[in-house]
Structures are given as structure tokens and as C-alpha cells.
Amino acid sequence: DGTAPAPYDLFLASLAACAGIFAISFFQSRNINTDGFKMWLDVSWDREKHRLSKASIVMKLPSDFPEKYKKALIESVNLCSVKRTIADPPEFEVVLE
């Protein structure tokens with residue numbers, strides 16, 4: 001009846017949450033100011049294939065974010081286990097008993 005998140009919404013939320021945890025951990029481990037930091041997930045849907053065609057993790061960095069850490073932040077967010085699972089998908093099977 002639309003009162004709870006759909007499974008696919010939870011999947012997208014898990015991707016965004018995982019990336020966010022990695023990003024915040026990066027900030028905290030280097031004592032970098034998080035004021036003004038925002039992060040969101042932009043998704044594109046392939047109507048013909050009925051599936052996600054692109055997911056963009058967008059980060060608005062604080063104005064004082066050190067330039068030297070930008071590449072490392074991206075690399076850190078790319079370590080998110082949900083994203084890595086999508087990038088190198090496991091084998092799926094349906095088992096009937």
C-alpha cells in the first residue's frame with residue numbers, strides 16, 4: 001500500500017549509506033572539517049532494460065577541503081562494499097527445495 005520503502009529503494013539507500021560511511025570516515029580519520037559537506041546519489045534508469053543504468057555518488061565538499069585529498073577521498077568512497085559488489089557481481093542462483 002506504499003507505506004514502506006520498496007526493496008529497490010532500500011538497495012539504492014544501502015549504496016548511498018555505504019558511500020557516505022566511507023566518506024565520513026575519511027574526513028574523521030584526517031580531522032577534516034565536514035561543515036558544508038553534502039552527498040547524494042543521482043541515478044539513471046534504463047526504461048528498455050528495466051534496470052539502473054548509472055549511479056553517480058555526488059559530493060559537495062567544504063570550501064576548505066584540502067586539494068591534496070580529493071583523489072584519495074574518491075578512492076576511499078570507491079571501497080564501499082555495496083558498490084564493489086555491484087561492480088563485480090556475485091553469482092546469483094534461485095534454489096527450490
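Of the contacts in the protein between residues with a separation of 6 or more, 51% join residues 24 or more positions apart; a contact here means heavy atoms within 4.5 Å. The structure is a predicted model, in which local features need pLDDT of at least 70 and side-chain atom pairs count only at pLDDT 80 or more, while totals for chains, interfaces and linings use all residues. Residues are numbered from 1 along each chain as its sequence is written, and side-chain values use heavy atoms, with hydrogens and water left out.

The protein contains 3 helices and 2 strands, which follow one another along the sequence in the pattern α-β-β-α-α. These elements are DSSP runs numbered from the N terminus: helices are runs of H or I with at least four residues, and strands are runs of E with at least two.

The overall dimensions come next. The radius of gyration of the protein is 16 Å, whereas a compact globule of 97 residues would have one near 13 Å. This radius is taken over C-alpha atoms, and the globule rule is 2.2 Å times the number of residues to the power 0.38. Along its principal axes, the C-alpha trace spans about 55 × 30 × 25 Å. Aspartate 1 belongs to the segment before α1 and is exposed, with a relative accessible area of 88%.

The accessible surface of the protein comes to about 7,500 Å², of which 54% belongs to carbon and sulfur atoms; such areas come from the Shrake-Rupley method with a 1.4 Å probe, and for residues only the protein chains shown count as cover. Of the 97 residues, 18% count as buried. Buried means under 20% relative accessible area, exposed means over 50%, and partly exposed lies in between (1.4 Å probe, protein chains only). As for charge, the protein has 12 positive and 13 negative side chains, and the centres of the two sets lie 11 Å apart. Lys and Arg count as positive and Asp and Glu as negative, while His and the chain ends are not counted; the place of a charge is NZ of Lys, CZ of Arg, CG of Asp or CD of Glu.

In soluble globular proteins, nonpolar side chains tend to be buried together. In this model, the largest nonpolar core has 9 residues: Ala19, Ala23, Phe26, Phe27, Ile32, Phe37, Phe65, Leu73 and Val77. The elements that give two or more residues to this core are α1 (7-29) and α2 (70-77), and the largest share, 4 residues, comes from α1. A nonpolar core is a set of buried Ala, Val, Leu, Ile, Met, Phe, Trp, Tyr and Cys residues joined through side-chain atoms within 4.5 Å. Beyond the residues up to four places away in sequence, Phe37 touches Ala23, Ile24, Phe27, Met59, Lys60, Leu61 and Pro62.

Leucine 15 lies in helix α1 and counts as buried because its relative accessibility is 4%. Its contacts, leaving aside neighbours within four places in sequence, are with Leu41, Ala55, Cys80, Val82, Lys83 and Ile86. Lysine 83, in helix α3 (residues 81-87), touches Leu15, Val77 and Asn78 when residues up to four places away in sequence are not counted. Lysine 83 has 26% relative accessibility, so it counts as partly exposed. In helix α2, serine 76 is buried, with a relative accessible area of 13%. Leaving aside its neighbours within four places in sequence, serine 76 is in contact with Phe22 and Phe26.

Most residues other than glycine have a negative phi. Asparagine 31, however, is not a glycine and has a positive phi of about 55 degrees. Asparagine 31 is found in the loop between α1 and β1 (38-46), and it counts as exposed because its relative accessibility is 72%. Histidine 50, also not a glycine, has a positive phi of about 55 degrees. Histidine 50 is found in the loop between β1 and β2 (51-60) and, at 59% relative accessibility, counts as exposed.
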